[in-house]
Amino acid sequence: MARTPLFQLKRYDSNAIANYYRLRPWLFIWRALRVTALFIGFVLGLKFDDWRRVVERNRFKRAAQLRQILTTLGPTFIKVGQALSTRPDLIRRDFLDELTKLQDQLPPFSTDIAFRIIETELDADVDEIFAEITPSPIAAASLGQVYRAKLKTGEEVAVKVQRPNLLPTLTLDLYLMRWAASWMAPWLPLNLGHDLTLIVDEFGSKLFEEIDYLNEGRNAEKFATNFRNDPSVKVPSIYWRYTSEHVLVLEWITGYKLTDVDSIRAVGGDPNALIRIGVTSGLRQLLEFGFFHADPHPGNLFALPAPSGGQMAYIDFGMMDQLEEEAKETLVDAVVHLINKDYVDLAQDFVKLGFLAPGTDIYPIVPAIESVLGDIMGESVENFNFKTITDRFSELMYEYPFRVPAKFALIIRSLVTQEGLALTLNPNFKIVEIAYPYVARRLLTGESPRLRRRLIEVLFKDGKFQWHRLENMIAIARSDSNFDILPTAQLGLQYLFSDEGQFLRRQLLLALTEDDRLHTEEVQRLWQLVKDDIKPARLLTAAFGALAELSPAAALIPTVSSLTGVKLER
C-alpha cells in the first residue's frame, strides 16, 4: 500500500480515516468479507457440532479455532480477544484458556526486521547499544515484541520493538468496526445509540496512544510517581537515551505471571495478598490519582516475591486514561449515595457522569434504580461483585435512556478485567472484602475536607446519626489486617475538635441524646468492636496527640501526663 499522510497520523482521527477508505472501497470490502467469512465459518462449526451432538468432544478444537481466527485477523482483533480472556464470568473455561494465549503467545515477526527498526530509530548498530541481546524475542504481543538485553553499562533491560506497518491494519479495522457499530447499535439489547461509535473512537484513540512508545514511557513515569510511596507496586525505569516512538527500553523485571499460582507459591508469594494489591492499587488509580491502567490483563502484570507476601509489577503503560477531578468526586458521591440508598441523588450522579443525558427526567427512573440496586449494600453486601452491578445495570440500560460514556467504557473494562483476574487466582474472591475496607478506611481517615464531608453524609441520614453504619464501617475496615484504629481515631479527634468539626460535635451530642434517651447501648457496641485494639496508654496517646494539634490544648499535655503517669508522645 502506498505511503500516504494517513499513515503518518500521530493521533486517531476518525474523519481522516473515513475519508481515506471511502476513496478505496475495495480495501474495506475485501477486509469486511474476510472478517465475516472467518466468523461465519466459526459459528457454523458450533452449530454443526450441536447438530451432531459432539459439542463436548470438539470444545477444545473450537476454542483453538477462535484464537487462531483472532490471531489471523491481527492486532485489533487480538486486543478484543485479550479483553475477553479476563472474563471467566462470560467465557467458557476452554475458550478462556485459549484466549489467555493471546496475551503473550503470539507469532513473532522477523528478528532481522526488529533489529533494523532498532538501528533506524536509535541511529546506531545493535552491537553499539547492547552488550548482549537475545537472538529471538522472549515474548510477542499484539503490537510489538520484547527482547532481553544488557546495556554496555551493565543494566539488564527489556527492549520492546513495535511491529512494522501497524497503522494500515489498525486504521482499516477501526473503520470497519466504526461502520459496523453505526448499523448494529439499534439491534443490540442496550440503549447505547450513537455512543457505540464513540466507544470505538475511544478504543481507537487508545490504540494510537499505545503505538507511541514515547507516550508509554511518560505514562510509566507518571504512574511510578503516583505509587512512589507504595512498596507493593513496582514500576520499571525507562531508559530514555534508547527510547523512541517505535522502540522502548526499560528495566528488566524478573517475576511470574499472576495466573501462575504454583510458581508464585513456590517462591513464597501469596495469591490472596496479590489480589489485595491489585484491587487496592486499582481503586487508588481511580479514586485518588484519576490516572488509571486501562489494560491490566495478566500479560501486563507480574508477581514478585516480597516479605509482605508479594509485590505486583506493572510492565505495560500503553493504554492509560485520565479521570478528571470532578468525575473522581462524583464517583465517590455515587458510592456514598449508594451506601445511603439516596436514589434521587444517585440518579443525579448518573447525569453528571454522562450515563444519562442532561435534562433527563430522572424521577420516573429512580424507582427502577432502587429496585435494581436496592439490596447491593444491604443484607447481601458480602455477595457483591462487579459482575453483579454490571448485570443489574444492564437491566436499566435496556429499559431506560442510559448510555455508556466513552471514557467509562475503559473504566468498566479495567474493573472487570481486574475482577476477572482475581477470580482466576481465587474462584471465591469477593471484591467487597478488599474494596469496602479500603473505602471505609479512606472515609474514616478523612485526609481531605471533601472526604470528611462525605463521611458525614454516610453517617447522617435525614438529620439522624446512623449508628449501624459507623459500626458496619469500623467492623469491615478492621477486617483489613493493615488497618489500625488508633491513627484513625486520632485523625477523627483532630477533626472533631477543630473549627471544621463544629457541626459534627453538635450532631454527635444530639445523636447521643435523641429520642429522649442516652444511647449507651450503641456506644457500648462500638467499644466492643475496638476494645481489643485500644489499650489505655495508646488511647490517651492518640487523644492527646490529637489535642496537640490544637494550640490551646497543647499546654495541657504535660500536666495530664504527670497526673496519669502515662508517657504521651508528641
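**Group meeting: strands, salt bridges and selected residues**

In this predicted model, Val233 has Met312 in strand 10 as its bridge partner. Strand 5 and strand 10, which covers residues 311–314, pair in the parallel sense over 2 bridges. Good morning, colleagues; let me continue from that pair to the sheet around it.

The sheet is open and has 4 strands in the order 5-10-9-7, with mixed pairing. Its edge strands are strand 5 and strand 7 (256–257), each of which pairs on one side only. In general terms, the strands of a sheet pair through backbone hydrogen bonds, in either a parallel or an antiparallel manner.

I turn next to strand 4, residues 156–162. How many of its 7 residues are buried? The count is 6, so the strand is mostly covered. Strand 4 runs antiparallel to strand 3 (residues 144–151), and 7 bridges join the two. Within that pairing, Val146 stands opposite Lys160 in strand 4. The hairpin of strand 3 and strand 4 has 4 residues between the strands, and there Gly154 takes a positive phi near 105°. Strand 4 also pairs with strand 6 (residues 247–251), in the antiparallel sense and over 5 bridges. Here Ala158 has Leu250 in strand 6 as its bridge partner.

Between strand 5 and strand 6 there is a loop, and Thr243 is found in it. Is Thr243 buried or exposed? With a relative accessible area of 10%, Thr243 falls under the 20% limit and is therefore buried. Its side chain has polar contacts with two backbone atoms, which I take in turn. A polar atom of the Thr243 side chain lies 2.9 Å from the backbone oxygen of Tyr239. The side chain of Thr243 also reaches the backbone nitrogen of Val249, at 3.3 Å. Leaving aside residues up to four places away in sequence, Thr243 touches Leu122, Tyr213, Leu214, Ile238, Leu248 and Val249.

Now to the salt bridges. Side chains of opposite charge can pair when their charged atoms come close. The structure holds 16 salt bridges, and I have selected a few for discussion.

One of them is formed by Lys79 and Glu210, whose closest N and O atoms are 2.7 Å apart. This pair links distant parts of the chain: Lys79 lies in helix 4 and Glu210 in helix 9 (residues 195–210), 131 residues apart. Lys79 counts as buried because its relative accessibility is 4%, and Glu210 is likewise buried, with a relative accessible area of 5%.

Another salt bridge joins Lys206 to Glu209, with the closest N and O atoms 3.1 Å apart. Both residues lie in helix 9, and they are 3 residues apart, about one turn of the helix. Lys206 is buried at a relative accessible area of 5%, whereas Glu209 is partly exposed at 25%.

Asp230 and Arg284 form a salt bridge as well, and their closest N and O atoms are 3.4 Å apart.

Arg228 is exposed, with a relative accessible area of 59%. A polar atom of its side chain lies 2.4 Å from the backbone oxygen of Thr225.

In helix 5 (residues 93–100), the buried residues include Asp94, Phe95, Leu96, Glu98 and Leu99. What covers the buried residues of helix 5? The cover includes helix 2 (25–52), helix 3 (55–73) and helix 4 (75–84).

Finally, Trp179 belongs to helix 8 (residues 166–184) and is partly exposed, with a relative accessible area of 42%. Together with Trp183 and Met184, Trp179 forms a nonpolar patch on the surface, and these residues have about 320 Å² of accessible area together.

Thank you for your attention.

Technical notes: Residues numbered from 1 in each chain as written. Predicted model: local features only at pLDDT ≥ 70, side-chain atom pairs only at ≥ 80, totals over all residues. Heavy atoms only, no water. Buried < 20%, exposed > 50% of the residue type's maximum accessible area, 1.4 Å probe, protein only. Polar contact = N/O pair within 3.5 Å; in protein donor to acceptor, adjacent residues only side chain to side chain. Patch = residues over 30% accessible without salt bridge, like charges linked within 9 Å, V, L, I, M, F, W, Y side chains within 5 Å. Areas by Shrake-Rupley, 256 points an atom, 1.4 Å probe, with all protein chains shown as cover. Salt bridge = Lys/Arg side-chain N within 4 Å of Asp/Glu carboxyl O. Pairing = 2+ DSSP bridges. Contact = heavy atoms within 4.5 Å.
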